[in-house]
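Hello,

Here is the structure I promised to pass on. Please open it first, then read my notes below.

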Amino acid sequence: MNFNLNENKTVNEIYKLMSQTIIPRPIAWVITEDDGVVNIAPFSYFIGLSSEPATVLISVGHKADGSEKDTLLNIRKYEKCTICMVQESDLEKMHFSSKSLNHDASESEYFNIETINDDQMFPPRIATAPVAYYCTLNQEIDLEGSATVPLVLNVEKIFVDDDIITNKETLSIKFQPIARIGKSYAFLGEDVDAPQIP
Ligand SMILES: Cc1cc2nc3c(=O)[nH]c(=O)nc-3n(C[C@H](O)[C@H](O)[C@H](O)COP(=O)(O)O)c2cc1C
C-alpha cells in the first residue's frame, strides 16, 4: 500500500505511519529551567546528528491549544537544556513527565522525580538516569509555517554513570535503555556482532 502524504492525510495519520515505522526511537528526557522551576519532558523525535561537532536534534511540537511547549520556551530563553537517557526502571516516571503542566509547575516536584545539580551552568540531570548530555542551543530549523520546531543542540558535556562503564580503557558502555515504538515502548534484546564485510 502506498500512502501519498499530499492527498488528504491528517497529521494524526502521518504521525501513525511514521511513529510505527521509524523504530525503535531513543527517548530524550529533556530538563530545562525557568526561574528555578525545573521542567521535565520526554521527546522521541530525537537523533544524534554529528560527533564533530557533537550535536543532537529534538523536534518539539505544540501544546493541544496551539501554544508553545515549556521545553521550547525555556530553551529559547536560556539556550540550554540537559538531556537524560532513560533506562527501563524509569519508564513510568518518564512517561508521567509527559503530562502538560502549567509553566510554573515542575514535573520534578509533581511526580517526585529526583534531580541532581552537579553543574550550575546547566539544568540538573535526573538522579537515576545513567547518561546525561549537557547542551546549548545551536539553531532552530524553520519548517516553513509548521508549528513543529526542530532544535539542533550542541553537546558540551556528557555524564556517564561509572556503573555502566564496562571497560574504562576501551570506553565501553552498556545500559538498558527504553525505546519508543508507536505509542508503546520496547526494551533492547541481546547485542548482535556486526558481520565482517568481505
Ligand atoms: C515517550 C514520549 C515521547 C514524546 N516525544 C515527543 C516529541 O518528540 N515531540 C513532542 O513535541 N512531544 C513529544 N512528546 C510529548 C511531550 O512529552 C509532551 O507534550 C510534554 O507535555 C511536553 O512538556 P513541556 O510543555 O513541559 O515541554 C512525547 C511524549 C512521550 C511520552
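Predicted model: local features only at pLDDT ≥ 70, side-chain atom pairs only at ≥ 80, totals over all residues.

E3 provides the largest share, four residues.

In total, 20 residues surround the ligand. The closest are Pro 42, Gly 61, Lys 69, Thr 71 and Ser 98. Sorted by class, the shell holds six nonpolar, eight polar and six charged residues.

- Pro 42: a backbone N or O atom lies 2.8 Å from an oxygen atom of the ligand.
- Ser 44: a polar backbone atom is 2.9 Å from a nitrogen atom of the ligand.
- Asp 70: a polar backbone atom is 3.0 Å from an oxygen atom of the ligand.

How much of the ligand does the protein bury? Taken alone, the ligand exposes 650 Å², and the protein buries 88% of that.

Now turn to one of the sheets. It is open and has three strands, in the order E1-E13-E14, with antiparallel pairing. Strand E1 (25-26) and strand E14 (184-187) stand at the edges. Each has a single partner strand, so one side of each is left without a neighbour in the sheet. Strand E13 (residues 178-181) pairs with E14 over four bridges, in the antiparallel sense. To find this pairing in the model, look for Arg 180, which stands opposite Tyr 185 in E14.

Best wishes

How values were computed:
Residues numbered from 1 in each chain as written. Heavy atoms only, no water. Near = heavy atom within 4 Å. Polar contact = N/O pair within 3.5 Å; in protein donor to acceptor, adjacent residues only side chain to side chain. Areas by Shrake-Rupley, 256 points an atom, 1.4 Å probe, with all protein chains shown as cover. Helix = DSSP H or I, 4+ residues; strand = E, 2+ residues; numbered from the N terminus. Nonpolar A, V, L, I, M, F, W, Y, C, P; charged D, E, K, R; others polar. Pairing = 2+ DSSP bridges.
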